[in-house]
Amino acid sequence: MLSLRVSDLRVGAEIRTRAKIIQSKTGNAVQFEVTKQTRDAIEDWCSANSLNHYDWLFPSRKDRTRHLSTRQYARVVEDWIRSIGLPRSSFATHSMRRTKATLIYRKTGNLRAVQLLLGHTKIDSTVRYLGVEVEDALVLAESIELKQRDRLSCPPIDVRTYLEGTVSGCLSW
């Protein structure tokens, strides 16, 4: 995100509601939402800093021809945390990235959606990233009751047995 240019988010005078970036780590395209509050903040930021179309959205404080470094970003976050009196150990740049993904997962239980939003290629990576435990998956699975017409012709399967990988056969969920 630090290497975004204004042009990555702005089309003419409008800030996009969605944008796409290429992750440097994987080379994969990742799409993300730009909320109304964020669009307003970007407009204010660009105006206050006289940013043009091809400028870095987050220019380096030392050299405006370069974008903000991850270390500079970490210092900015540390300053914010300290300025509002929160313990520095409770927040970091990476935990901020994880927060929305965790909230989406908790609200929907949809690991695949979170996987796509984070740009993970393997669902296992998303599970580890979110800290999803087998117990979380069991609670979610047990909370969903299938109707008779949803069951097809499969025999009933114990959720714990399925999640432990000791059963095979058809599943329609």
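Q: Which side chains meet Arg 71 in a salt bridge?
A: The side chain of Glu 78 meets Arg 71, at 3.8 Å from N to O. A salt bridge is a side-chain nitrogen of Lys or Arg within 4 Å of a carboxyl oxygen of Asp or Glu.

Q: What kind of model is this?
A: This is a predicted model, where local features need pLDDT of at least 70, side-chain atom pairs count only at pLDDT 80 or more, and totals for chains, interfaces and linings use all residues. Residues are numbered from 1 along each chain as its sequence is written, and side-chain values use heavy atoms, with hydrogens and water left out.

Q: Back to that pair. Is Glu 78 buried or exposed?
A: Glu 78 counts as buried, at 19% relative accessibility. Buried means under 20% relative accessible area, exposed over 50%, and partly exposed in between (1.4 Å probe, protein chains only). Arg 71 is partly exposed at 41%.

Q: How many salt bridges are there in the whole structure?
A: A search finds 5. One of them joins Glu 33 and Lys 100, whose closest N and O atoms are 3.4 Å apart.

Q: Where do Glu 33 and Lys 100 lie?
A: Glu 33 is in strand E4 (residues 29-33) and Lys 100 in helix H4 (residues 93-108), so the bridge ties together parts 67 residues apart in sequence. Helices (H or I, at least four residues) and strands (E, at least two) are DSSP runs, numbered from the N terminus. Glu 33 is exposed at 51% relative accessible area, and Lys 100 is partly exposed at 44%.

Q: What about Lys 36?
A: Lys 36 forms a salt bridge with Asp 40, at 2.9 Å from N to O. Both lie in helix H2, 4 residues apart, about one turn of the helix. Lys 36 is exposed at 52%, while Asp 40 is partly exposed at 35%.

Q: New topic. How many residues make up the largest nonpolar core?
A: The largest core has 12 residues, including Leu 4, Ile 21, Phe 32 and Leu 57. A nonpolar core is a set of buried Ala, Val, Leu, Ile, Met, Phe, Trp, Tyr and Cys residues joined through side-chain atoms within 4.5 Å.

Q: Which elements supply at least two residues of this core?
A: Helix H1 (6-9), strand E3 (18-22) and helix H2 (36-48) each do.

Q: And what is Ile 21 in contact with?
A: Leaving aside neighbours within four places in sequence, Ile 21 is in contact with Met 1, Leu 4, Asn 28, Ala 29, Val 30 and Phe 32. Contact means heavy atoms within 4.5 Å.
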